[in-house]
Amino acid sequence: MKKCTGMVLVAAAALAACDVVNPEEGIPAYIYVPNFELQTNSTAEGSSSEKITDVWLNLDGGFLGAYTLPALIPVLETGNREIILQAGIKDNGINSSPEIYPFYESVTYAAALAPDVVDTIRPVIGYLETAKFAFIENFERSAHLFQDIVGRGNAGQIQLVAEGAFEGGQSLRIRLDSSSSIVEVATNERFGGLASQSPLVYLEVNYRSDVPVVFGIIGHDINGQPSQGDVALDPGFSPREDWNKIYFNLSRLIAQVNREEYQIVLQAFIPIENGKLTRESADVWLDNIKLVHF
């Protein structure tokens, strides 16, 4: 009889040890974020078009993670919690480069999280009051900014068109063909003070295109000649049939070139394979270009 009692105690001790090694997990609460809504002052901030792909979530001051939208996020901490949501983008359109977009507001919620209950949050955000727009070009005026042909191409290849416009009455179309397969065009104006408060400088662009396009900057000293500008081209986009939005991070280029003023420049081109153009003609459409900094 004493032997049986001992065996029971050993079994109970083993079960208790299992609980220590694999403690029972609580039932999580869930936060569901379907998307973000961006609201803008159209006069001061331009289009409300956005491509927010991720939500970055903080819970009670601690970073919980970044999640692709729409996101259903399990949370083990229940009860009254402070939730901070931040809008995430893909830097330069690269999926492996997720970032919090620094010019959008974060949103704070006080939530009462309960086990196995889904709390849906639909964040509505705007631009930060500290965000500055060096320019907003929506191509609704005939005197648009992108008319300075700085390399190959000619002014006749760049037109405002209503057909297929993204928003409003017009978008910019760049037409390429076999006789002029490359266009390099920059802003008519230069912009200074972009990195005076913060190194973060972004260019927002709505686009669709038959061919690749590369963006960049031309750096100038205030009293320098136009021909003395330093050109740096880097981020770009690939062909895409439907309208898309991209956030170009120009911070590194601005730091490298390190001049007082900058033009924004783009190069559109028909690629060459085996010594021949890959197509006889191509179009590039652009809209809602914003240069944003602090």
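## The nonpolar cores

The largest nonpolar core in this predicted model has 38 residues, and Phe 146, Leu 203, Phe 215, Leu 250 and Leu 286 touch the most other members. Such a core is a set of buried Ala, Val, Leu, Ile, Met, Phe, Trp, Tyr and Cys residues joined through side-chain atoms within 4.5 Å. Buried means under 20% relative accessible area, exposed over 50%, and partly exposed in between (1.4 Å probe, protein chains only). Strand 24 (residues 281-293) gives this core its largest share, five residues. Strands (E, at least two residues) and helices (H or I, at least four) are DSSP runs, numbered from the N terminus.

Let's look at Leu 203. Setting aside neighbours within four places in sequence, its contacts (heavy atoms within 4.5 Å) include Phe 135, Phe 215 and Leu 250. A second, separate core of 32 residues includes Val 55, Val 75, Ile 83 and Val 292.

Ser 181 sits in the loop between strand 14 (171-177) and strand 15 (182-187). Its relative accessibility is 18%, so Ser 181 counts as buried.

Asn 258, in the loop between helix 3 (251-257) and strand 21 (261-269), has a positive phi near 50°. Asn 258 is exposed, because its relative accessible area is 60%. In another loop, between strand 4 (62-68) and strand 5 (71-75), lies Pro 70, joined to Leu 69 by a cis peptide bond with omega about -10°.

## How to read the values

Residues are numbered from 1 along each chain as its sequence is written, and side-chain values use heavy atoms, leaving out hydrogens and water. In this predicted model, local features need pLDDT of at least 70 and side-chain atom pairs count only at pLDDT 80 or more, while totals for chains, interfaces and linings use all residues.
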